[in-house]
Amino acid sequence: MQYVAVDSPYGIVGQSPQIRQIRRQIEKLEGSLTPVLLLGESGTGKEVVARALHTSCGRGTLVPIDCGSLVGPLMESELFGHTRGSFTGATEGKKGLIELANGGTAFFDEIGDLPLELQVKLLRLLQEREYRAVGSLLRQKVDIRVIAATHRDLAREVDRGAFRQDLYYRLNVITIRMPALREHKDDIPLLVERFLAKSGGRYTMTPEAMDLIMKHDWPGNVRELHNAVDRLVAMAQTPLLLPDDLPSTVLRQGAEYPIHQAAAAIAGTRNSQQAGPKLILPLHEVEKRAIIDALEQTRGDRTVAAMMLGIGRTTLYRKLKEYQLPAVD
Ligand SMILES: Nc1ncnc2c1ncn2[C@@H]1O[C@H](COP(=O)(O)OP(=O)(O)OP(=O)(O)O)[C@@H](O)[C@H]1O
Ligand SMILES: [Mg+2]
C-alpha cells in the first residue's frame, strides 16, 4: 500500500461522503472472496482500492493483469501458461499469471480491453474454477479472488457487443464506483497535504496556488493532482509553492473561472450531497496559512505582519522557524 497512516485507513485519503462510503464498502467486504468490479474515470484510485480490497482479504499475493497488453499470439499463454513444446519457440514450460495468483487475488486492470477470445476463457475459468495451460491436456484447479477495473462504461460495451454479457454478470457481483475528483473537491486539501508530506514535508502551498487548484476540474483526477503537486515541488525555489509553476491547464482554467463561480460550484456539490461535513483544517495549518497571508500582504515586512497577526515579532520569528517558512525581508 502506498500511504499507510492512521488518518487514511486502507491508504485511501479523503473525508468526503463519497470516499467514506468507499471505505465502508471495503470494510464490509473484509475477508470476502466475492468478485468486485471497480468503475471510474482514469486516475480516480481504482488500483488503490483494489490493493485495499486485497489486503483486507488477507490471503496470498495480488497479481495485476494489464488486460490491454494481452494481445497477439502469446496472450493466452501469458494468462494461462504453456507446456514445453506447445508452440514453436516454447522450449520451456511457463507459468501463467493465473497460476501466480493462485491462493491470492487476480486484479484484471482495464478488463474492458480484454480481447473477446480471452473473455470466453476467463468466463470458463470463473465458472469451473479450473483451466488448461496452452498445450496441456490436464485441467488445473485454481482458487483466486477476482477484482476487475475499467474506466469504460462496461454495460455499454456489452450493448455494443464488445464485452460478453455472461462475463459481465460474473464480474459485476459487487460494484464500487470511484467518484471523479471534481465530485469530491472537499478532499483536495487533504490529498495535497498527503502528497506534500510524501515529498519530505518541507513545502507549503500558497493560498493563491491552492485557490487555482480548487478551481481546476482535474479531468485526470487524483493522478493529475499528484503530478501537479510533484511538479510544483520540483520547480520550487523556496518551501512556499507558488501558483506560477502549476501546469498551464490549471492556470488557464483559473483565469476563465471567476472565484465566486468556483466557490458556488463547490458549495453546489456539497449541497447536492446533503451537506457533507465542512472541511476542517488542523489548527497549525490555519496558523501557518495566516502567517503566509500576512507576509504576502506586507511583502515580507515582519514587523507589520506580526502586528496584523496580533503577535510579537519574536513570536513570529519563532513560528517562521517552526513552520520552516522562508525568512523574506
Ligand atoms: N483516495 C486516494 N488517496 C490517496 N491516493 C490516491 C487516492 N486516489 C488516487 N490516489 C493516487 O492517484 C494515483 C492514481 O490512482 P490509481 O492508479 O489507483 O488510479 P486508477 O483509477 O487505477 O487510474 P487508471 O484508470 O488511470 O489506471 C496514484 O498515485 C494513487 O496513489
Ligand atoms: Mg489503474
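This is a predicted model: local features need pLDDT of at least 70, side-chain atom pairs count only at pLDDT 80 or more; totals for chains, interfaces and linings use all residues.
Residues are numbered from 1 along each chain as written, and chains are lettered from A and ligands numbered from 1 in written order. Local features need pLDDT of at least 70, side-chain atom pairs count only at pLDDT 80 or more, totals for chains, interfaces and linings use all residues, and side-chain values use heavy atoms, without hydrogens or water.

Select G43, T44, G45, V48 and R223: of the 29 residues lining the largest pocket, these lie nearest its centre. A pocket is an open set of 1 Å grid points over the protein atoms alone, where a 1.4 Å probe fits, with protein on both sides within 12 Å along at least five of seven lines; lining residues have an atom within 4 Å of a point.

Next, colour domain 1 (9–179) and domain 2 (182–322), bounds taken from an automatic or database assignment. Both contribute to the lining, so the largest pocket lies between them.

Now select ligand 1. Among the 18 residues around it (a heavy atom within 4 Å), V13, S42, G43, K46 and R223 come nearest.

Zoom in on the polar contacts (N or O pairs within 3.5 Å). Oxygen atoms of ligand 1 lie 2.7 Å from a polar backbone atom of G43, 3.3 Å from one of T44 and 3.0 Å from a backbone N or O atom of E47.

Methods. A polar contact is a pair of N or O atoms within 3.5 Å; within protein, one must be able to donate a hydrogen and the other to accept it, and residues adjacent in sequence count only if both atoms are side-chain atoms.
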